[in-house]
Amino acid sequence: QLQHHAEVHVLVQLCLMALPGVPLAELRTVRTHPMALGQCRIFCAQHPWFQAVPHDDTAGAAREVASRGDRTLGAIASEAAARHYGLEILAHSIQDMPANWTRFVVVSKR
């Protein structure tokens, strides 16, 4: 049986990132978690030349951009993910709501 132990709220600032030196206009596909896509609808609508595609997680999307070396591929993730994978941030705080909080629930087995 799982027990609810704690709840943590984290302020999430989403960024658009790509390989270093790639301009925003060169992107054709941007990947991120479906929840993050839902939180960045306005930004994506304002940039119709790229297609927003779901990925299993935000950091995984950033890792994919770094490992594939595809200049047309971008990711929406945190600044920490961009730093970790050596990506360049093209746009900061692209989420629709400035105060974008994500709630994490900590659970464990009895």
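A salt bridge is counted here when a side-chain nitrogen of Lys or Arg lies within 4 Å of a carboxyl oxygen of Asp or Glu. By that rule, a search of the whole structure finds five salt bridges. The model is a predicted one, in which local features need pLDDT of at least 70 and side-chain atom pairs count only at pLDDT 80 or more, while totals for chains, interfaces and linings use all residues. Residues are numbered from 1 along each chain as its sequence is written, and side-chain values use heavy atoms, with hydrogens and water left out.

The overall layout comes next. The chain holds four helices and seven strands, where helices (H or I, at least four residues) and strands (E, at least two) are DSSP runs numbered from the N terminus. In sequence order the pattern reads β-β-β-α-α-β-α-β-α-β-β. The C-alpha trace spans about 50 × 30 × 20 Å along its principal axes. Contact means heavy atoms within 4.5 Å. Among contacts between residues at least 6 apart in sequence, 73% join residues at least 24 apart.

Two totals describe the surface of the chain. Its accessible surface comes to about 6500 Å², of which 56% belongs to carbon and sulfur atoms; such areas come from the Shrake-Rupley method with a 1.4 Å probe, and for residues only the protein chains shown count as cover. A residue is called buried under 20% relative accessible area, exposed over 50% and partly exposed in between (1.4 Å probe, protein chains only). Of the 110 residues, 35% count as buried.

Side chains of opposite charge can pair when their charged atoms come close. One of the pairs joins Arg71 and Glu26, with an N to O distance of 2.8 Å. Arg71 sits in the loop between helix 3 (58-68) and strand 5 (73-77), and Glu26 in the loop between strand 2 (15-18) and strand 3, so this bridge ties together parts that are 45 residues apart in sequence. Arg71 is partly exposed at 38% relative accessibility, and Glu26 is partly exposed at 25%.

Another salt bridge pairs Arg31 with Glu64, where the closest N and O atoms are 2.9 Å apart. This pair also links distant parts of the chain, as Arg31 is in strand 3 and Glu64 in helix 3, 33 residues apart. Glu64 is buried, with 14% relative accessibility. Glu64 forms a salt bridge with Arg68 as well, at 2.8 Å between the closest N and O atoms. Here both residues lie in helix 3, four residues apart, about one turn of the helix. Arg31, Glu64, Arg68 and Asp70 are linked in a network of salt bridges.

Strand 3, which holds Arg31, covers residues 29-32. A polar contact is a pair of N or O atoms within 3.5 Å; within protein, one must be able to donate a hydrogen and the other to accept it, and residues adjacent in sequence count only if both atoms are side-chain atoms. The side chain of Arg31 reaches the backbone oxygen of Pro54 at 2.8 Å. Leaving aside residues up to four places away in sequence, Arg31 touches several others, among them Val53, His55, Ala61, Leu73 and Ile76.

Gln95 is placed in the loop between strand 6 (88-91) and strand 7 (101-109), and is buried at 7% relative accessible area. A polar atom of the Gln95 side chain lies 2.9 Å from the backbone nitrogen of Leu14.

The aromatic residues form another group. Rings of Phe, Tyr and Trp (its six-membered ring) pair if their centres lie within 6.5 Å; planes under 30 degrees apart count as stacked, over 60 as edge-to-face and the rest as tilted. The count by this rule is two aromatic pairs. In one of them, the ring centres of Trp49 and Phe50 are 6.4 Å apart and the planes stand at 85 degrees, so the pair is edge-to-face. Trp49 is partly exposed at 35%, whereas Phe50 is buried at 6%. Phe43, Trp49 and Phe50 form one aromatic cluster.

Last come the cysteines. A disulfide is a pair of cysteine sulfur atoms within 2.5 Å, and the whole structure has zero disulfides. Cys40 is buried, with a relative accessible area of 0%, and Cys44 is buried at 14%.
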